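Hi everyone, thanks for making time. Please have a look at the structure on the screen, and I'll walk you through it.

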Amino acid sequence: VSRPRLAAVATSNGALRTGFNAAPNSRVTTLLRTGTTLYAGGDFTSVGGRAKARLAALNAGTGAVLTGFTADLDARPNVLAVDTSLRRLLVGGTFTTVNGLPNPAMASVDTTTGTPQPWAAQSVGACVYSVHGIAVDEAADTAYVTSLADAPGCFEGVYRANIAAGSVVWQDECGGAGQSVVLLKGQVYFASHTHDCGRMVGGFVGPRFRDDFVWYRLNAIDP
């Protein structure tokens with residue numbers, strides 16, 4: 001049975017769920033299910049023959065496109081997260097626009113319509129970012145975000161933001177290409193290759209030369 005690039009299988013035995021058929025026309029890089037909706041992000045420009053640029057909302061049972069949702073991206077999304085109480089889908093990736101509006105690397109959109117919502121913690125300056133990790137604390141309506149950048153000196157740590165406005169609550173400015181972040185039992189864990197925390201009060205300053213770096217690849221911080 002042909003199921004190009006996206007398929008549903010039974011968790012019990014791996015059998016194909018033949019009733020699900022989404023058929024995106026290119027690679028899928030991230031998925032998130034909430035309730036009866038499956039959000040899919042990737043390099044595609046259409047799903048099931050309908051134009052959807054890199055992000056789509058689907059019926060989780062059938063794979064049919066939910067046509068009322070439109071959040072077109074100009075480049076790849078890497079990670080999705082949701083705050084159901086605020087009806088916000090958080091999207092991180094390498095994109096710079098959502099529905100033609102500037103939203104570099106990180107965006108908040110309405111879960112039903114895809115309409116971009118406020119996210120104050122936007123990148124500025126010459127740095128080019130790629131968000132790879134988002135963790136949501138729905139009880140506090142906050143998100144933890146980590147990213148990597150294209151040049152030394154750009155932000156590559158973790159920040160906590162208020163989801164309603166995307167405003168920063170605090171930020172960890174250690175350098176080291178953030179890859180993933182999770183919130184577990186009252187601690188924030190993030191994966192990176194942290195090697196310099198000189199911008200933080202009391203933080204260590206890493207060596208000048210790369211060959212002398214000491215890498216810290218899994219870190220825990222108080223949320």
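This is a predicted model: local features need pLDDT of at least 70, side-chain atom pairs count only at pLDDT 80 or more; totals for chains, interfaces and linings use all residues.

Residues are numbered from 1 along each chain as its sequence is written, and side-chain values use heavy atoms, with hydrogens and water left out.

Let's start with an open sheet of 3 strands, ordered β1-β2-β5, with antiparallel pairing. Its edge strands are β1 (28-34) and β5 (55-59), each pairing on one side only. From one strand to the next, the twist averages 20°. Strands here are DSSP runs of E, at least two residues, numbered from the N terminus, and two strands pair if DSSP finds at least two bridges between them. Strands β1 and β2 (residues 37-42) run antiparallel and are joined by 6 bridges. In that pairing, Thr30 stands opposite Gly41 in β2.

Now the other open sheet I want to show. It also has 3 strands, in the order β16-β17-β18, with antiparallel pairing. Here β16 and β18 (216-221) are at the edges with a single partner strand each, so one side of each has no neighbour in the sheet. The twist again averages 20° from one strand to the next. Between β16 and β17 (residues 187-194), which run antiparallel, there are 5 bridges.

Which residue in β17 does Val182 stand opposite? Val182 faces Tyr189 there. Val182 sits in strand β16 (residues 180-184), and it counts as partly exposed because its relative accessibility is 42%. For that wording, buried means under 20% relative accessible area, exposed means over 50%, and partly exposed is in between (1.4 Å probe, protein chains only).

Val182 and Tyr189 also belong to a nonpolar surface patch with Leu184 and Leu218, and together the four have about 380 Å² of accessible area. Patches are made of residues with over 30% relative accessible area and no salt bridge, where like charges are joined within 9 Å and nonpolar side chains (Val, Leu, Ile, Met, Phe, Trp, Tyr) within 5 Å. The areas come from the Shrake-Rupley method with a 1.4 Å probe, and for residues only the protein chains shown count as cover.

While we're in this region, look at the loop between β16 and β17, where you'll find Lys185. Most residues other than glycine have a negative phi. Lys185, though, has a positive phi of about 50° although it is not a glycine, and at 83% relative accessibility it counts as exposed. Asn99 also has a positive phi of about 50° without being a glycine. Asn99 is in the loop between β8 (97-98) and β9 (101-102), and it is partly exposed, at 32% relative accessible area.

On to the hairpin. Is strand β6 (residues 77-83) mostly covered or mostly open? It is mostly covered, with 7 of its 7 residues buried. Strand β6 pairs with β7 (residues 88-93) in the antiparallel sense over 6 bridges, and Val82 stands opposite Leu89 in β7. The two strands form a hairpin with 4 residues between them, and Arg87 in the turn has a positive phi of about 55°.

Arg87 brings us to the salt bridges. Counting a side-chain nitrogen of Lys or Arg within 4 Å of a carboxyl oxygen of Asp or Glu, we get 2 salt bridges. One joins the side chains of Asp110 and Arg87 at 3.5 Å, N to O. That pair links distant parts of the chain, with Asp110 in strand β10 and Arg87 in the loop between β6 and β7, 23 residues apart. Asp110 is buried at 13% relative accessibility, whereas Arg87 is partly exposed at 42%.

The other joins Arg76 and Asp43 at 2.7 Å, N to O. Arg76 lies in the loop between β5 and β6 and Asp43 in the loop between β2 and β3 (46-47), so the pair ties together parts that are 33 residues apart in sequence.

Last stop: Thr111, in the loop between β10 (106-110) and β11 (116-117). Thr111 is buried, at 15% relative accessibility. Leaving out residues up to four places away in sequence, Thr111 touches Tyr39, Phe69, Val82, Arg87, Arg88 and Leu89, where contact means heavy atoms within 4.5 Å. Thanks, everyone!

Technical notes. Axes are lines fitted to C-alpha atoms, for helices over the stretch in contact, and angles run from 0 to 180 degrees between N-to-C directions.
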